Amino acid sequence: MKTDNLYHIVCRNAVKLFELNGYETVNMPDIAKASSIDEDELYKRFGNKEDIILFLYRCINSDWQLQVASIPEGKLSERFETALKLKLDLMEPYEAFLGNIIGKLLEQNRALAVRSFQTAHIRAMGLKTIRRIIDGATDSGKLSKKVKDLPALLYLMHWSVMFLQLQTHDRESSDQAVRLMAKLIRKTNTFPLLVHFFPLINELGSWANKMTVDEDVHEHQVNRDILKIIFNNRKISDGTEACENGTCAACFEQHELNLDYFTSQSLPIHFILPAFPAKSPNEEKVIGKLPDLGEEIALNTLNNLCKEIRSVYEPGAHITICSDGRIFSELVAVSDDDISTYVQRINEVIEEQQLEFVEIVNLEDLLEGNSFNELRDTVLNTYAESLDRLYERLKTDEEFRKLFNGMHRFIVEDRKYLFPDLSTSKIKEESREIALKVIRNSNAWTRFLTYVYPQSIRLSIHTYHAHSAKIGVKITRAEDNWLTPWHGVIILKDDGYVLMKRKEAEAANAQLVSKNNQPHYYTLIQQG
């Protein structure tokens, strides 16, 4: 079964269950059972029920984009009327369910809300479709000049019809409302006497723009639409409320220029992500040396990030994961053989699950040499800073100090497990220099990657300040922002999953589940 088909099968079955039993009472195991798939297969694709509904929103809007593209040129009123009827047709199979959760669609702080941060990219898709309706109209030129925020105004009119249908389930009344709107557009576009009303219409348009996109239309709007998707998956250490909800101008400005290199030439966006080094040697954190459900979820998350970008930017995006295990293997007590086996399995997962927008490369894929030690030395001798300089940064750079503290904590935890006879003070002292060396090697790897991929946009699995040049991205759901699949295990629950340390999963009496004779994840779901 193709991966994309499975997404749609799950979505359809989930909606049927929501209609029959109510959204709140249905849990993720119910959806897995209805879709005839294992629970881990479901969680690779959807972290919880909200993810399924957000996918449904995206599917409806993607299909609407395609159908609107086939509407022949004509008057704006006619194209708008046809487009809205097509959208109503697309919503029809889901309108009973969507009508039942209409309160969640309007609730400001819910991820499912039509004006939430999480749905910003879907609003961008809708506005893009409205602009296509306008651009394909033979009579829209004058009206577009007179009504500054015409796309936002028409988009808000479209929303009003959708909500009317969800509340009344009366298609005849909704079609009548569409005809009245088309008539209003036609008369506004035709009669010069209505020129006196244009200031009011412009005022309505400005209000509609704030209601739909939360900001003025930007000169390079596509870059902002792409960044909204990335920011929806971002993890930050510090920032304002505007940073957290994706409306901070400084956050956008920090990355727009890098994106513009690709979007100005209609090129696929290329991200690089140093990550997926190898499993931690600390068995209190992980359940083996091979990738498990945590890595599979993370890879699917990254692939879906690129899919969502393609929904607002047709050339799309792809991510090159640059495995950083080789560059600091000796520091974290992981062998090169374990790294090779780990990365090989990551490649197999990418192929098996048809993750077309993700790839992984290792040090030896990017540099020639006779041994791993030689390759490491080449990178470090060329690109590494001195430890003395890093010690100085610890004294003056708050962001760097947070990175160091997080890394130091991880090193201490692992060395306590690996060297139980050493005192805690001794381990903390030794770990301080090791943590700095890990950061030094990681920074050298980053500089080397900048040389290999000079135009690519740098992602990170770590948290950074909202205005940092690096964008930290969430690849799994974890209670600890520093935890990664190679430092933890997945534990499945009725309402979602969470990444945690192995000892925490076992303390919660979670059951270990194996797959293909390998430990794969833990579960608290009661099998019935």
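Gln 221 counts as buried because its relative accessibility is 12%; buried means under 20% relative accessible area, exposed over 50%, and partly exposed in between, with a 1.4 Å probe and protein chains only. The model is predicted: local features need pLDDT of at least 70, side-chain atom pairs count only at pLDDT 80 or more, and totals for chains, interfaces and linings use all residues. Residues are numbered from 1 along each chain as its sequence is written, and side-chain values use heavy atoms, with hydrogens and water left out.

- Gln 221 lies in helix H13 (residues 221–232); helices (H or I, at least four residues) and strands (E, at least two) are DSSP runs numbered from the N terminus.
- Between the C-alpha atoms of Gln 221 and Glu 256 there are 9.8 Å, with 35 residues separating the two along the chain.
- Asn 303, part of helix H16 (residues 293–312), counts as buried because its relative accessibility is 2%.
- Leaving aside residues up to four places away in sequence, Asn 303 touches Leu 355, Glu 356, Phe 357 and Val 358, where contact means heavy atoms within 4.5 Å.

**Nonpolar cores**
- The largest nonpolar core holds 104 residues, and those with the most contacts inside it are Ile 31, Leu 76, Phe 80, Phe 97 and Leu 154.
- Helix H10 (residues 150–168) gives the largest share of this core, 11 residues.
- Another core lies apart from it and has 50 residues, among them Ile 226, Phe 252, Ile 319 and Val 358.
- Such a core is a set of buried Ala, Val, Leu, Ile, Met, Phe, Trp, Tyr and Cys residues joined through side-chain atoms within 4.5 Å.
- Ile 31 has contacts that include Val 10, Leu 17, Phe 18 and Ile 52, not counting residues up to four places away in sequence.

**Surface around Phe 419**
- Phe 419 sits in the loop between helix H22 (398–418) and helix H23 (424–452), and counts as partly exposed because its relative accessibility is 37%.
- Together with Leu 418 and Leu 422, Phe 419 forms a nonpolar patch on the surface, with about 220 Å² of accessible area in total.
- Patch residues have over 30% relative accessible area and no salt bridge; like charges are joined within 9 Å, and nonpolar side chains (Val, Leu, Ile, Met, Phe, Trp, Tyr) within 5 Å.
- A salt bridge is a side-chain nitrogen of Lys or Arg within 4 Å of a carboxyl oxygen of Asp or Glu.
- Accessible areas come from the Shrake-Rupley method with a 1.4 Å probe; for residues, only the protein chains shown count as cover.

**Whole protein**
- The secondary structure comprises 24 helices and 9 strands.
- Buried residues make up 55% of the 528 residues.
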